[in-house]
Amino acid sequence: MSEERFGEFVLVRRHADGHVAELALDRPKAMNAVSTDMARSIAGACAALGADRDVRVVVLTSTHERAFCVGADLKERNSFSDADLVRQRPVARGAYTGVLELPVPTIAAVHGFALGGGFELALSCDLIVADGTAVVGLPEVSVGVIPGGGGTQLLPRRVGAARAAELIFTARRLEAAEARELGLVDELVGEGLDREAALALAARIAANSPVGLRAAKRALRLGQGLDLRAGLEVEDAAWRAVAFSGDRAEGVAAFNEKRAPQWPGE
């Protein structure tokens with residue numbers, strides 16, 4: 001396993017021959033509160049991982065024992081002037097869009113607190129694995145703002161408009177069992193097993209065609225919100241992008257030869 005740091009607060013580890021990348025939030029003294037510097041590091045790590053053709057899956061984790069991420073660094077924000085806040089906004093957005101726009105499947109491994117921007121980082125992933133200690137929520141209206149890292153758009157896509165409105169308007173926190181019941185997380189595992197389970201899921205996904213995975217994610221994301229006819233056109237374009245690829249040829253050959261495929265990734 002190799003490691004690479006992006007700034008002071010983000011650590012990237014490579015697993016499964018480099019095909020699974022773990023993006024670890026590593027600001028333990030602040031329970032991974034997202035400062036300006038940390039936001040830049042998240043965005044930088046995502047840009048590097050998105051451009052790396054060896055990476056097939058990204059897992060977003062935390063090095064803190066009791067928190068995934070508690071959201072924006074409100075202590076830092078308290079020192080901001082209005083002009084500072086305006087200048088910081090695109091930097092903060094870059095962290096969330098960096099995760100959201102990763103071209104490969106993404107999995108968040110959540111334990112402890114995942115609140116506000118912390119939960120929005122998880123929502124920016126395709127799948128969320130949580131352990132029994134997880135506490136999630138979007139409490140922004142309780143401090144006079146709104147979810148600004150994608151929460152007002154991503155949460156209703158998961159749980160529907162009315163449920164998202166109730167959760168955002170009340171600013172309430174949900175413990176793991178209710179979060180799983182309502183669909184805020186996708187898989188609930190035993191305490192302390194979120195990272196292990198997410199990495200195992202990532203390894204299963206990474207065994208598949210990298211060309212197919214990227215195209216499938218693109219079709220899923222671009223098709224959201226479209227009517228069925230338009231969505232099927234998005235799917236057809238994605239199919240055409242993979243139908244004549246080396247991965248498609250290798251996948252068919254491996255199936256017929258009853259062997260594991262050796263994906264060329266092109």
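Visitor: Which residues lie nearest the centre of the largest pocket?
Guide: Those are A72, L74, R77, V143 and V145, from a lining of 32 residues. Keep in mind that this is a predicted model.

Visitor: And what volume does the largest pocket have?
Guide: About 890 Å³.

Visitor: Which elements give two or more residues to its lining?
Guide: For the largest pocket, they are α2 (74–78), α3 (82–100) and α4 (117–123).

Visitor: Nice. Which element gives the most?
Guide: That would be α3, which puts 6 residues into the lining of the largest pocket.

Visitor: How do the lining residues divide into nonpolar, polar and charged?
Guide: In the largest pocket, 15 are nonpolar, 8 are polar and 9 are charged.

Visitor: Let's switch to the second largest pocket. How much space lies in there?
Guide: The second largest pocket holds about 370 Å³.

Visitor: How many residues line it, and which lie nearest the centre?
Guide: The second largest pocket has 15 lining residues, and L123, C125, D126, R221 and Q224 are the ones nearest its centre. Two elements, α5 (151–159) and α9 (210–223), each give two or more residues to this lining.

Visitor: Last one: what does the lining of the second largest pocket look like by class?
Guide: Its lining has 8 nonpolar residues, 6 charged ones and 1 polar one.

Notes:
Residues numbered from 1 in each chain as written. Predicted model: local features only at pLDDT ≥ 70, side-chain atom pairs only at ≥ 80, totals over all residues. Heavy atoms only, no water. 1 Å grid on protein atoms, 1.4 Å probe; cavity = no way out; pocket = protein on both sides within 12 Å on 5 of 7 lines; lining within 4 Å. Points joined across faces, edges and corners; volume = space filled by probe spheres on them. Helix = DSSP H or I, 4+ residues; strand = E, 2+ residues; numbered from the N terminus. Nonpolar A, V, L, I, M, F, W, Y, C, P; charged D, E, K, R; others polar.
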